Amino acid sequence: MSELARPEALVDPYPILAELRTHDPVHLTSNDVYLISRYVDGRTVMENSALFRNPEPDEVAQLFPSAHRHRSQQLLLNSVALRNPPAHTRLRQPVARAFTASRMESLRPGVERICDQLLAPVAEQYLDGEVVDLNRTLAVPLPLAVFGELLGVPAEDRAWLQKLVPSALAAMRPDSSEEELCTADEANSVIERYFLDLAERRRRDPGEDLVSLLVAVHDDEPDVLSADDLMSMLWGLWAGGLATTTTAVDFGVLAMIDHPGKTRWLRGGPAEALAFVDELLRYEAPAMSTAISRFAQRDVELSGVPVPKGADVRVLFPACNRDPDAFPSPDTFDPSRKHLHRNHLTFGHGLHYCLGAALARMELAAVLPKVFSQLPAMVLHEQPTFHQAVPVRVFASLLVSRG
C-alpha cells in the first residue's frame, strides 16, 4: 500500500493498479495483508460470507489489543460495519428503513436548495474571473449539510463536530501510537457527549431525523439496539457518511473538465444524470480499499493464488472497477454502459453493501448538473492535490477557473 501513497500515485493510481491486476492480482504485503485487484475476486470477497467475513470479537481483540483501554476503539469496533450476522442484521435493519431509495429521492429538493445556497457566492466569483476552490466551497460543505439534516445535527454544530473526526478515526488504525489513541479518546469523548445530549433532546422533542428514529428504536426495543449500539451507530454514521461523498463530488467536477463530450448527460433529465453518476462511481472510486479486514474462513484460491484460512483480505476498489474482464474499455469514461456501470464495487457488495448508496447517488445526480450549468467552461487552474489515498482519496484542493 505504500506505493499507492506516493505523490504521483495519489493523482493517478491506475498504472500501479493495472500492474497488480495483471501480474500480482492477489498481492501479499509486508504486513501480511492480501490486496485483491481483479473484479471477480473482489466480488467474491465482498459477497460470499461463507468464504470471507468481518473479524469476530476475539479477532478484533488481536487486531486492536489496546481496545480494552480506549473507548474510541470500543465505539468504532462496535459499529454495524464491523459486525457479522446475527448482530449485523439486528443493527442494520432499523437504519436501512431510513435509507430507502424512495426516501432519499424525497430529500432531493432540500439537497438542491443547499447546493444553490453554496453555489451562489462561488458562481459570482467564478463568473467575475476569480479562481475558486470547489473542494472547500462545495464538495466539503455539501455532504456535511445534507447528512447533518438527515441525521438531525443542528447547522451550528456541524463544522466543529466534523473537525473532530480525523483525530477520532486514528483509533481505527492498528498501528496508531498510544499518544494518537489518547487524542482519539479525547475527540471521541466530545463526540459521544454531544450525541448523548442530542439523543436526549430528540427523546423529548422527536422529529423526522435519523437520531429521533434510532432513539425511538432504542427506547422501544433495547434488546434490538442497546445504549452502546445506539452510540456506535450514531458515531459511525456521522464519521462514515461524509468523506467519500466529498471525494465523489470532487471527481465529478474533474470528469466534467476531462470529458467535456460526456457532459451532455448532465444536460438531460434525472435518468441521464444518474447514468453519468454511476459511471463516475465506477471510473473513480472514492475509496482506494476496504477499510475493514475480511478474513478467509477456510483455505481458498483467488485467481489461482492460495489464500490461507484466517488471512486478512482487502479489496482495491479502483482496480476491480477498471478490470477489462468486467468492463469493456474500462479506462474510457462512458455513461452509456447500459447499467453495466451499476455492477461496480464502489459501494461494496452483498451483506455489507453501503447503507448510504442511495443517498450518495441522489446527491451527486442533483448537484453535478447544477455545477455544470452554473459554472460554464470550467478548466483546472492547477492540478488537484491530495491529502491521502488509503482508505479514501482525500482532495486537499480543487482549483478551477473559467476557460
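Guide: Start with Arg282 and Glu279, which lie three residues apart in helix H17 (residues 270–283) and are therefore separated by about one helical turn. Helices here are DSSP runs of H or I with at least four residues, strands are runs of E with at least two, and both are numbered from the N terminus. The model is predicted, so local features need pLDDT of at least 70 and side-chain atom pairs count only at pLDDT 80 or more, whereas totals for chains, interfaces and linings use all residues. Residues are numbered from 1 along each chain as its sequence is written, and side-chain values use heavy atoms, with hydrogens and water left out.

Visitor: What do the side chains of Arg282 and Glu279 meet in?

Guide: The general idea is that an α-helix has 3.6 residues a turn, so residues three or four places apart point the same way. In this case the side chains of Arg282 and Glu279 form a salt bridge, with 2.9 Å from N to O; the term requires a side-chain nitrogen of Lys or Arg within 4 Å of a carboxyl oxygen of Asp or Glu. Both Arg282 and Glu279 are buried, a word that stands for under 20% relative accessible area, while exposed means over 50% and partly exposed lies in between (1.4 Å probe, protein chains only).

Visitor: How many salt bridges does the rule give?

Guide: The count comes to 17 salt bridges. One of them joins Asp209 to Arg202, whose closest N and O atoms are 3.2 Å apart; Asp209 is buried at a relative accessible area of 12%, and Arg202 is buried at 17%. There is also a network of salt bridges that links Glu200, Arg203, Arg204 and Asp219.

Visitor: Which residue forms a salt bridge with Glu105?

Guide: That residue is Arg108, and the closest N and O atoms of the pair are 2.5 Å apart. Glu105 counts as partly exposed at 38% relative accessibility, whereas Arg108 is buried at 16%.

Visitor: Arg108 brings me to helix H8 (residues 108–127), so how far does H8 reach from its first C-alpha to its last?

Guide: H8 has 20 residues and reaches 26 Å, close to the 28 Å expected. Along its course H8 bends by about 35 degrees at Leu119, and a proline, Pro121, follows within four residues; the bend at a residue is the angle between axes fitted to the seven residues ending there and the seven starting there. The buried residues of H8 include Val111, Ile114, Cys115 and Leu119, and after H8 comes Gly129, with a positive phi near 95 degrees.

For another helix, take H16 (residues 243–258), where 16 residues reach 22 Å, close to the 22 Å expected. H16 is mostly covered, with 13 of its 16 residues buried.

Visitor: How should I read two helices that pack together?

Guide: Two packed helices are described by the angle between their axes and the distance between the axes. Axes are lines fitted to C-alpha atoms, for helices over the stretch in contact, and angles run from 0 to 180 degrees between N-to-C directions. Helix H10 (residues 141–151) and helix H11 (residues 155–163) pack at about 110 degrees, with their axes 10 Å apart. That makes H10 roughly perpendicular to H11, given that 65 to 115 degrees counts as roughly perpendicular, under 35 as roughly parallel, over 145 as roughly antiparallel and the rest as oblique.

The axes of H17 and helix H19 (residues 357–374) come within 9 Å and cross at roughly 115 degrees, so H17 and H19 are also roughly perpendicular to each other. The H10 and H11 crossing is right-handed, and so is that of H17 and H19; a crossing is right-handed if the near helix is turned clockwise from the far one by less than a right angle, and left-handed if anticlockwise.

Visitor: Where does Ala377 lie?

Guide: Ala377 is in the loop between H19 and strand S9 (378–380), and Ala377 has a positive phi of about 60 degrees although it is not a glycine. At 47% relative accessibility, Ala377 counts as partly exposed. Ser329, likewise not a glycine, has a positive phi of about 45 degrees.

Technical notes
Expected span 1.5 Å × (residues − 1).
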